[in-house]
Amino acid sequence: MFYHLIYPLHEYISVLNVFRYITVRSAYAAITALLLSFLLGPFVVKRLRQFQIRQSIRKDGPSTHLLKEGTPTMGGILIVTSIVVPTLLWGNLSNQYVLLALLATVWLGALGFLDDYLLVVKKYRKGLTARYKFLGQVILGLLIGSILYFRPAQSVEPSITSVPFLKDVIIDFGIFYIPFVALVITASSNAVNFADGLDGLASGLVAFVGVALGGIAYLSGHVKFSGYLNILYLNGCGELTVFGAAVVGAALGFLWFNCHPADVFMGDTGSLALGGSIGVMAVLIKKELLLAIVGGIFVAEVLSVIIQVIAFKTRGKRVFKMAPLHHHFELMGWPESRVVVRFWIVAALLALVTLSTLKLQ
């Protein structure tokens with residue numbers, strides 16, 4: 001909004017020319033997201049407690065988690081608000097990348113909200129059933145994939161994706177790019193959902209991923225930087241940096257209330273929205289395969305569940321003490337805060353490796 005309302009005035013007030021710069025607007029998007037979280041957080045937590053919107057803890061999990069029984073959940077409302085509002089304020093709302101990113105965040109946030117509402121408020125045993133949740137994710141992915149394929153915002157072939165570490169190597173999916181996009185967005189949103197099991201874990205991990213993807217978005221949208229690094233130049237893609245900054249700010253702002261011991265949980269409202277936001281960013285910057293590296297912790301969490309299920313069904317034995325992976329380390333005797341911080345350290349390392357791939361190819 002500020003970009004459209006204030007920047008045109010730079011012809012009369014020269015200092016307003018700063019609103020032209022993506023870096024400036026990205027910085028203020030992150031600051032706005034943080035301030036919104038800090039200001040609205042206490043109110044949201046208070047209301048959730050007032051309306052008895054509380055988390056039920058699984059009895060077969062680590063015994064230390066039983067102390068968390070009754071902690072307010074659905075705090076993802078704060079996350080979605082802190083992503084959407086700063087993006088609307090500081091982003092270029094005529095940019096297709098920004099609009100698609102907002103669509104994914106709001107859509108999956110609403111889907112997660114419905115799941116949380118049915119589970120916590122209406123007391124449905126499973127909340128929104130898995131098939132309907134999966135259907136909502138897939139429909140979103142197919143919609144975004146179709147828009148990108150049939151109404152591309154850039155001159156490059158819309159159905160391609162780049163391959164990490166390999167110079168000038170791309171994969172062209174053709175019409176199958178549409179279901180590929182659906183796969184990436186669905187997998188990403190579910191992966192963050194799996195990782196949301198310890199205080200501060202998911203929000204901290206998303207912050208690292210958001211920094212890396214936001215940085216790549218800026219470089220991909222800059223003709224000189226993209227040429228120097230030999231990566232795909234995507235005209236207008238740099239505007240995604242504003243959205244990425246809002247995601248990072250929202251994740252860190254929520255972490256203020258979600259760090260151990262948590263005052264509030266994000267619930268599916270937050271985890272699906274955050275997962276969708278990083279998934280759609282990877283899609284829009286043509287770095288879908290790179291998401292497996294920068295989001296390596298999320299991949300490990302999902303794989304641990306898959307391996308555990310397959311091993312138990314085929315051999316009757318468990319590979320991990322408990323899945324997802326973070327619970328395995330807890331049952332090994334690691335304190336919750338140690339698991340979270342060590343996972344953050346690995347996530348920081350993966351973010352650096354991801355950024356290094358831009359120069360290594």
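This is a predicted model: local features need pLDDT of at least 70, side-chain atom pairs count only at pLDDT 80 or more; totals for chains, interfaces and linings use all residues.
1. Pro324 sits in the loop between helix H12 (296-315) and helix H13 (325-331), with helices taken as DSSP runs (H or I, at least four residues) numbered from the N terminus.

2. Residues are numbered from 1 along each chain as its sequence is written, and side-chain values use heavy atoms, leaving out hydrogens and water.

3. There's another cis peptide bond to look at, joining His260 and Pro261, with omega about -10°. Pro261 lies in the loop between helix H9 (240-258) and H10.

4. Now the helix pair. H5 (residues 130-150) and H10 (residues 267-284) pack at about 25°, axes 12 Å apart; axes are lines fitted to C-alpha atoms over the stretch in contact, and angles run from 0 to 180 degrees between N-to-C directions. That makes H5 roughly parallel to H10 (angles under 35 degrees).

5. Which residues in H5 meet H10? They are Lys133, Gln137, Ile144 and Leu148, against Asp268, Leu272, Val280, Val283 and Leu284 in H10, where contact means heavy atoms within 4.5 Å.

6. Check the backbone at Phe165 too: phi is near 75°, positive in a residue other than glycine. Phe165 is partly exposed at 38% relative accessibility (buried is under 20%, exposed over 50%, partly exposed in between; 1.4 Å probe, protein chains only).

Key. Helices (H or I, at least four residues) and strands (E, at least two) are DSSP runs, numbered from the N terminus. Angles under 35 degrees count as roughly parallel, over 145 as roughly antiparallel, 65 to 115 as roughly perpendicular and the rest as oblique.
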